[in-house]
Structures are given as C-alpha cells and as structure tokens.
Amino acid sequence: MSEHRPYSYVTLSMRPDCEPHVGVSFYTPRLRISSGLLVSNPRPYLELASQEANVHISTTGGGPVTDADLDLAREIFNAAARYLADCELLHTAPPVTDATDTAA
C-alpha cells in the first residue's frame, strides 16, 4: 500500500511571445479556504491557501461585480458541489483493486 502524503506545488511557465502561465496544485487537507467582503473597496473575495501557495479570486479588475463575475461565482459554487459529491461517493465506496495486481 502506498502512502499518500500531502503536498502543494506552484509552477511558472514563461515562453517567448506568450503570456506567463502560473499553475497552483493543492493535494492536501491542510488547505484553508475563506471568503468575505473587503471593506475599503467593497467587493467579494475567495481565498484558497496552504503554507506553500495562496490563490485569491475577486471581481474583474478589482472593481464592481459584473455579470461575468456572477457567472464565475456560480461556476465555482457548482464545481465545489460536484467535488463534494465525488469525494463523498469515493469515501464510502469499496476500495478499487487493480486487476493486474497478482499479489492478491
């Protein structure tokens, strides 16, 4: 049985004539998730953070909420609901055995 240890990683890709691309991957239950409303310039935010990386999501250009911001918030909500449902399903499902494993 392999041990699955938590980890996070961040990648930055920079190619000539292309915009930089940042990738953030969290594979840890030590993720902190928070959301709220900024007071100084009222706008909502969503934060996902580990010791290694933070991801902040807020409104377009840090300005007022747009229709596109509402669409994105709904996509985040629906994706989180699907993630929860998949986690619950796999958590309660019997373990999957590898058909090619001859040790059994």
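This is a predicted model: local features need pLDDT of at least 70, side-chain atom pairs count only at pLDDT 80 or more; totals for chains, interfaces and linings use all residues.
1. A residue is called buried when its relative accessible area is under 20%, exposed when that area is over 50%, and partly exposed in between. Val-10 belongs to strand β1.

2. Val-10 also takes part in a feature of the surface, for together with Leu-12, Met-14, Val-22 and Val-24 it makes a nonpolar patch of about 470 Å². The elements that contribute two or more residues to this patch are β1, which covers residues 7-13, and β2, which covers residues 21-27.

3. Because Tyr-9 sits in strand β1 and Tyr-27 in strand β2, the pair ties together parts that are 18 residues apart in sequence.

4. How accessible are the two partners, Tyr-9 and Tyr-27? Tyr-9 has a relative accessibility of 38% and therefore counts as partly exposed, and Tyr-27, at 43%, counts as partly exposed as well. A cluster is formed here too, made up of Tyr-7, Tyr-9 and Tyr-27.

5. Turning to charged side chains, the structure holds one salt bridge, in which the side chains of Asp-71 and Arg-74 meet at 3.7 Å, taken from N to O. Both residues lie in helix α1, which runs over residues 67-92, and they stand three residues apart, or about one turn of the helix. Asp-71 has a relative accessible area of 43%, so this residue is partly exposed.

6. Is Ser-50 buried or exposed? Ser-50 is found in the loop between β4 (43-49) and β5 (54-58), and with a relative accessibility of 4% it counts as buried, because buried means under 20%. Its side chain makes a polar contact of 2.8 Å with the side chain of Glu-52. When residues up to four places away in sequence are left aside, Ser-50 touches Ser-8, Phe-26, Arg-30, Leu-31 and Arg-32.

Terms used
Residues are numbered from 1 along each chain as its sequence is written. Side-chain values use heavy atoms; hydrogens and water are left out. Patches are made of residues with over 30% relative accessible area and no salt bridge: like charges are joined within 9 Å, nonpolar side chains (Val, Leu, Ile, Met, Phe, Trp, Tyr) within 5 Å. Accessible areas come from the Shrake-Rupley method with a 1.4 Å probe; for residues, only the protein chains shown count as cover. A salt bridge is a side-chain nitrogen of Lys or Arg within 4 Å of a carboxyl oxygen of Asp or Glu. Helices (H or I, at least four residues) and strands (E, at least two) are DSSP runs, numbered from the N terminus. Buried means under 20% relative accessible area, exposed over 50%, partly exposed in between (1.4 Å probe, protein chains only). A polar contact is a pair of N or O atoms within 3.5 Å; within protein, one must be able to donate a hydrogen and the other to accept it, and residues adjacent in sequence count only if both atoms are side-chain atoms. Contact means heavy atoms within 4.5 Å. Rings of Phe, Tyr and Trp (its six-membered ring) pair if their centres lie within 6.5 Å; planes under 30 degrees apart count as stacked, over 60 as edge-to-face and the rest as tilted.
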